[in-house]
Amino acid sequence: MPASGATSNWRPALKHPDHVSSGKQTRVAFGLLHHSARPDLSRLYWALLWLVAAAFLEVLGPIAGKALIDEHLLPRHLDWPRMWLLLGAVLGTGWIATGLRYWQLVSLSGLAMRSVQRLREQVYGHMLRLPMAFFDRAITGQLVSRVTNDTEAVKSLYVQVLFVMLDSTIVLAGTVIAMAWLDWRMMLIVLALLPFVLGIVWLYQRWSAPAVTRARQLRSEINGQMAESISGMQVLQANNAETRFAERFGRTNVDHYTQRVAEIRANAWLLRPALDLLNVILLAAVIWMFGQREMSAAEVGVLYAFISYIARVIEPLIQITMQFSQLQQSVVAASRVAILLQEPLSPEHQAAAHITQTPTDAHAPAIAIDHLTFAYADNQPVLHDLSLDIPPGAFIGIVGHTGSGKSTLLSLLLRYYPVSTGSIRLHGEALATIPNDRFRNDVGLVPQEPFLLAASARENIDMGRGLPFAEIEAAAKAAHAHGFISALEHGYDTPLGEGGSRLSSGQKQLIAIARALAGKPRVLLLDEATSRIDSQTEQIVQTALHELRGQVTIIAIAHRLSTIREADRIIVLNHGRISESGPHDALMQIDGGLYQRLYLLQQLAA
Ligand SMILES: Nc1ncnc2c1ncn2[C@@H]1O[C@H](COP(=O)(O)OP(=O)(O)OP(=O)(O)O)[C@@H](O)[C@H]1O
């Protein structure tokens, strides 16, 4: 699914997770937040305005209280209407401010959820268009964690940072202004404690930040181990590895617990007690200062207001600092999401948008490979100087010992990796310049391991392309899958179970062939599609391939040489080079040839 239009092009400027300073992480996190909230920005500004209004009301209460004490209660000037008004202001402003805050919290939470939804779509859409080389090094569980947990953590940036932190900062600023207006010297005493608060926060951050970062990494590792164990459960149990895996999981889990406890300890032993102590010191200092003065009647109201304000200074400070641990977690999570978004897309996805369609050359070979050399790692070529022309409609078999480069060649034909030396042309067009949609339409793949969705036969063949049923049925017939699909209780609409668990390996493979054919490809690639199926199904596949001859260009990698015996030409790869090439009979004539040896070996084993 492509990312939604508004969000698809944004790429944060982040180089590498290990080399990112926390300041840069924070900037990137807020960049991501701003970007994902863009459609809702006006709502966000309104929320901020309402928070300012709530802070204003909050500050107004003690001033009304001071006026009530100084102007009415102490001088016994009983102007009842004004007194009721002031009393109403003392009590009512707080309530209205709380109501306003609650309303904004609900509204910001909704906005946060929408942003997470947009961000998640963007991350998933981006991931779908990453090059195969990325997935060679990616760990499934960690990727899942980025798309689910890490995007969710961005939500707390709204609720914690925008709401609590901004609200607290606004209240703090308003309170300091009101205190300065009442008695600026006393205000300075209160402010003198600010460096202590900042010092405590700095200490807390230093203490807890490594634990926060490590805890997140470990959570992602927990996800990774879980995903790996579930996908490899058969092998895991067959090797009696349950205990070892459980122990490994246990160790990671204990590490995670230890880091979380370290974080909570920093909070419980340092942050909260130190800030509570400051509150008490501040109250004592203000009362003591007033005690030193000649208390005029007018100052009782100021003292009342100051005592009320101290709570309004300390509480927002506590709130701001208490959010730091969540803020750190969210910033780390957001920068991880940003790093994933920074992964460059596969070249065809980047290029497809601006490449113009060129008409294909009717006389060109279906596939022309010219002096192709390819290496996964620098200076270790897997394919060496390969040249090959495949005419349209030909049936080509590729064989070779394990590691000879067969799958690599197929991966290059599928554009999973970019060609660096030499070239591959499809119907006369350089592979890299063909728009992605057309390329994927033109080239069908039947992989070794048929990947089936937990969906119906119809959906598995269609694979989200929205093909008419007639085409799905025709493809199933061409793949000789129509018979057994029709025999299922709901025919094409029968759910096939997770991974197609209701079908035999051979039937799954026939569905995979039908899926590849349903797109009406001009080139069909088969990657050892018959290596895991029984001889009877292999016969069916052979018949299907035979029927497709001349209509579709077929390139089949096969360990089972019987599958490609009928091919027009068989290419024998040896250490990444073409060592023999020709039809079966011709290759069998080469005495001591690689193909002859492979074939005779299989005959012996049969
Ligand atoms: N993703 C990868 N990253 C790095 N090296 C790889 C990768 N895939 C394959 N190789 C290496 O490239 C070489 C050729 O592998 P390839 O899978 O193309 O061989 P193959 O002929 O298909 O083997 P098999 O018949 O066993 O599937 C091997 O040495 C392999 O280790």
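Helix α9 (residues 242-292) has 51 residues and spans 73 Å from its first C-alpha to its last, close to the 75 Å expected at 1.5 Å a residue. The expected span is 1.5 Å times one less than the number of residues. This is a predicted model: local features need pLDDT of at least 70, side-chain atom pairs count only at pLDDT 80 or more, and totals for chains, interfaces and linings use all residues. Residues are numbered from 1 along each chain as its sequence is written. Helices (H or I, at least four residues) and strands (E, at least two) are DSSP runs, numbered from the N terminus.

### Helix α9 and the chain overall

α9 bends by about 30° at Asn 267. The bend at a residue is the angle between axes fitted to the seven residues ending there and the seven starting there. Which residues of α9 are buried? They are Gln 259, Glu 263, Ala 266, Leu 271, Leu 275, Leu 282 and Val 286. A residue is buried if 20 or more other C-beta atoms lie within 10 Å of its own, exposed if 12 or fewer, and partly exposed in between; C-beta atoms are placed from the backbone. An α-helix has 3.6 residues a turn, so residues three or four places apart point the same way.

The chain has 22 helices and ten strands. Of its 606 residues, 36% are buried. Among contacts with a separation of 6 or more, 80% join residues 24 or more positions apart. Two residues are in contact if their C-beta atoms, placed from the backbone, lie within 7 Å.

### Strand pairing

Four strands form an open sheet in the order β2-β1-β4-β5, with antiparallel pairing. β2 (381-390) and β5 (429-430) stand at the edges, each with a single partner strand, so one side of each is left without a neighbour in the sheet. Two strands pair if DSSP finds at least two bridges between them.

β3 covers residues 395-400 and β9 covers residues 569-574. β10 runs over residues 577-582. The table lists pairings by sense and number of bridges.

| Strands | Sense | Bridges |
|---|---|---|
| β1 and β4 | antiparallel | five |
| β1 and β2 | antiparallel | six |
| β3 and β9 | parallel | five |
| β9 and β10 | antiparallel | five |

Ile 369 has Ile 424 in β4 as its bridge partner. Ala 375 stands opposite Pro 381 in β2. Val 399 faces Val 572 in β9. Ile 571 stands opposite Ser 581 in β10.

### Hairpins and positive phi

Most residues other than glycine have a negative phi, and most peptide bonds are trans. Several residues here take a positive phi. In the hairpin of β1 and β2, five residues lie between the strands, and Asn 379 has a positive phi near 60°. The β9 and β10 hairpin has two residues between its strands; His 575 in the turn has a positive phi of about 50°.

His 371 lies in strand β1 (residues 367-375). Its phi is near 45°, a positive value in a residue other than glycine. His 371 counts as exposed because it has 11 C-beta neighbours inside 10 Å.

Arg 415 sits in the loop between α13 and β4 (421-426). Phi of Arg 415 is near 65°, again positive in a residue other than glycine. Is Arg 415 buried or exposed? Arg 415 counts as buried because 22 C-beta neighbours lie inside 10 Å.

### Ligand shell

Which residues are around the ligand? They are Asp 136, Tyr 376, Val 382, Gly 400, Thr 402, Gly 403, Ser 404, Gly 405, Lys 406, Ser 407 and Thr 408. A residue is near a molecule or strand if its C-beta atom, placed from the backbone, lies within 6 Å of it. Helix α13 (residues 406-413) gives the largest share of the shell, three residues. By class, the shell has two nonpolar, seven polar and two charged residues. Ala, Val, Leu, Ile, Met, Phe, Trp, Tyr, Cys and Pro count as nonpolar, Asp, Glu, Lys and Arg as charged, and the others, Gly among them, as polar.

### Two further sites

Arg 465 is in the loop between α15 (457-462) and α16 (469-478). With 13 C-beta neighbours inside 10 Å, Arg 465 counts as partly exposed. Its C-alpha is separated by 8.4 Å from that of Gly 519, 54 residues apart along the chain.

Trp 84 belongs to helix α3 (residues 80-128). Trp 84 is exposed, with 11 other C-beta atoms within 10 Å. The C-alpha atoms of Trp 84 and Leu 68 are separated by 9.2 Å, and the two residues are 16 apart along the chain.
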